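The report below goes strand by strand, then to the ligand.

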Amino acid sequence: MLPDFPWDSLAGHAARARAHPDGVVDLSVGTPVDPVPPVIRAALASVSEVPGYPTTHGTPALRAAAVAAMARRFGVVGLSEGAVLPTIGSKELVAWLPTLLGVGGRAVVFPEVAYPTYEVGALLAGARPVRSDGLTALGPEVPGLIWLNSPANPTGRVLPVEHLRKVVSWARERGVVVASDECYLALGWDAEPVSILHPSVCDGDFTGLLAVHSLSKSSSLAGYRAGFLTGDPALVAKLLEIRKHAGMIVPFPVQAAMSAALADDDHIAAQKARFGRRRDALRAALVEAGFTVEHSEAGLYLWATRGESAWDTVSWLADLGVLVAPGTFYGPAGDKHVRVALTATDERVTAAVVRLTTA
Ligand SMILES: Cc1ncc(COP(=O)(O)O)c(C=O)c1O
């Protein structure tokens, strides 16, 4: 049984927030609002006449661009181009990875407060979802898969290198695959997030490790559905084989767009600066309005609390015309927090700041 789709339960508050005379400020979903950078749009358009099937493995240009970007942006060296596999955004991969790895019947471990699709993926595979931030709590059972997510959705928490190293060595001793969802890796504010494939974490040995990347947030490509995974060549080859049979193929124009996005760091810096300004403004306004902002040292969200139930805070903000997500969407431990996304235009962020600071 899959859980109810969480956003449906926000409908009543959303209707109230939309009724605000100056309109809603929707900070409930991490969807980009800034236009796709021209260099990426041009790449997409330049191949729009190509009629044939794309390859599941992605073009050599795309895989080379991904390897180069991982080295340039994140210091991940030694990846092979064969070990890059494009995905149709990263959500589908998160939802299907346990099935593709065949871990049904076993435990799939993911953070206590987490992006809901880790649980969904475990359930789709017939695996057992286990929420845990620590390995000791797992007991003697050897899980089929461990998910990490740093910087995290929804908390913005960054796992330090020592923590990542511990997970990698624990998993290696037991032959467990570690999948690291790194879709917010380029958005470090008060801490510098590190990839699981960075030499300081894995000593250059990618065995059993997969890094999952998305172009949705940093390159504003959520609408294109553009992601990739990389890491252990043997695991990537196994996933490629199944995905070829199953038709899990990224459209060719999107592959071209991804190549251009991965080759260009200017738009990444510009987008990060935009998110940074919105973050500073929203954070200060939330604090002024009496919130405590926890974690949030990286990523696309502020994890905020007024020390009351999450739904009470959602309701209070909805009355101001500001829509946020209750922490309970991400697990029972989120019951006193709300997640505030940085994904609104400057004009809407300013509107939220005014409402919060005059409330
Ligand atoms: C932690 C995490 N992983 C994966 C995704 C999926 O992103 P996409 O499918 O757009 O790549 C999201 C989206 O919000 C996310 O927060």
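Which residue of β6 is the bridge partner of L145? That partner is V177.

## Basis of the model

This is a predicted model, in which local features need pLDDT of at least 70, side-chain atom pairs count only at pLDDT 80 or more, and totals for chains, interfaces and linings use all residues. Residues are numbered from 1 along each chain as its sequence is written.

## The annotated domain

An unreviewed UniProt entry places "domain: Aminotransferase class I/classII large" at residues 24–356. UniProt positions are given in the numbering used here, feature names are shortened, and annotations may be inferred rather than shown by experiment. Helices (H or I, at least four residues) and strands (E, at least two) are DSSP runs, numbered from the N terminus.

## The sheet

Seven strands form an open sheet with mixed pairing. Their order is β2-β8-β7-β6-β5-β3-β4. The edges are β2 (84–87) and β4 (128–131), each pairing on one side only. Two strands pair if DSSP finds at least two bridges between them. On average, neighbouring strands of this sheet are turned by 20° against each other, direction ignored. Axes here are lines fitted to C-alpha atoms, for helices over the stretch in contact, and angles run from 0 to 180 degrees between N-to-C directions.

β6 covers residues 177–181. Five of its five residues are buried, so the strand is largely enclosed by the rest of the structure. Buried means that 20 or more other C-beta atoms, placed from the backbone, lie within 10 Å of a residue's own. V177, A179 and D181 point one way, and V178 and S180 the other way.

β5 (residues 145–149) pairs with β6 in the parallel sense over five bridges. N149 of that pairing has D181 as its bridge partner in β6. β6 also pairs in the parallel sense with β7 (residues 209–214), over four bridges. There, D181 has V212 as its bridge partner. Together, β5, helix α6 (residues 161–174) and β6 make a right-handed β-α-β unit. Right-handed means that, with the strands pointing away from the viewer, the path from the first strand over the helix to the second runs clockwise.

## Helix α4

α4 spans residues 91–101. Its buried residues are L93, V94, W96, L97, P98 and L101. Just after α4, G102 takes a positive phi of about 70°.

## The ligand shell

Which residues are closest to the ligand? They are G89, S90, K91, S214 and S216, from 14 that surround it (C-beta atom, placed from the backbone, within 6 Å). The shell divides into four nonpolar, eight polar and two charged residues. Ala, Val, Leu, Ile, Met, Phe, Trp, Tyr, Cys and Pro count as nonpolar, Asp, Glu, Lys and Arg as charged, and the others, Gly among them, as polar.

Note on methods: A residue is buried if 20 or more other C-beta atoms lie within 10 Å of its own, exposed if 12 or fewer, and partly exposed in between; C-beta atoms are placed from the backbone.
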